[in-house]
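Please look over the sequence and the structure before reading on.

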Amino acid sequence: MTDIKNIAVIGAGTMGNGIAHTFAQSGYKVNLIDISEVSLVKGLNTIEKNLDRMLTKEKISEVDKKNTLENISTHTNLKNGVKGADLVVEAATENEELKLKIFKDLNDFCASETILATNTSSISITKIATAVTNPARVIGMHFMNPVPIMKLVEVIKGYNTSEEVLNSILKLSEAIGKVPVEVNDYPGFVANRILMPMINEAIETLYNGVAGVYEIDTVMKLGMAHPMGPLQLADFIGLDVCLSILNVMYDGFKNPKYAPCPLLVNMVTAGKLGVKSGEGFYDYTENQQPKVKSARN
């Protein structure tokens, strides 16, 4: 396995631009790929704003900002974007069918030694790896949001992932200042297997009228020392993403404790997705700052 120098990141959304930012800031050449030119422009703008925030806090210098931005190139064509990549990190929408399609294309477009990683937060790495000829080179790299700040990377070894690939990704994660934690390939892995049932139970608590949004989040923040309440966190993650992860775990374990709350299903159906849509359990229409909508939502 060659040293990793050139990295392609698929998806310019919240996770994708954060991953690209992190690698570029650590000195790697990054190709950021998205089918939408608008998404790429938005992603680069987000990266620049985050760099400016770090600059204001004196965590980086002007030179660091300049070098980081210069390390990123954008592409709308997947084949061109992954050409010459030592590592590809897929950070597209949490949709199994889409990810399988992307990995099938990567199998055709990438060199045989290229490591293929997915940032999936719940979908089986082993299943995704079925789309490629050599599943030994497929691995999970589950970054946490916001990527430039959060230290954890869940490194998920699929059933066929080689030890060589695993060790390369563990080493790379440390090189970019992250703390990699190796976990096994089961639905939700560790982070979301524990987190999503808690979020779902908080939604159930609201749904059953036990308490309001503010009250539930305040109990968890002040009583359990959580930096953010579970309902606000759900808004931050995206209610559609929460629903998708819960469905993956419910389908994978066939256990009713993972069944998504009807309130969550209804909110996603209504397009109330949290921060990204401007409204979820909180209202974000005023400068993206959360505002409680009502005592019981």
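In which strand is Val181 found? Val181 belongs to strand β8, residues 179-184, where strands are DSSP runs of E with at least two residues and helices are runs of H or I with at least four, numbered from the N terminus. The model is predicted, with local features needing pLDDT of at least 70 and side-chain atom pairs counted only at pLDDT 80 or more, while totals for chains, interfaces and linings use all residues. Residues are numbered from 1 along each chain as its sequence is written, and side-chain values use heavy atoms, leaving out hydrogens and water.

**Aromatic pairs**
- The whole structure holds 4 aromatic pairs, meaning rings of Phe, Tyr and Trp (its six-membered ring) with centres within 6.5 Å, called stacked under 30 degrees between planes, edge-to-face over 60 and tilted for the rest.
- One of them joins Phe23 and Tyr28 edge-to-face, at 6.0 Å centre to centre and 80° between the planes.
- Phe23 also pairs edge-to-face with Phe143, at 6.2 Å centre to centre and 80° between the planes.
- Because Phe23 lies in helix α1 (residues 14-25) and Phe143 in strand β6 (residues 138-143), this pair ties together parts 120 residues apart in sequence.

- Phe23 and Tyr28 are both buried, a term for under 20% relative accessible area, with exposed meaning over 50% and partly exposed in between (1.4 Å probe, protein chains only).
- Phe23 has 0% relative accessibility, and Phe143, at 2%, counts as buried.
- Val181 is partly exposed, with a relative accessible area of 37%.
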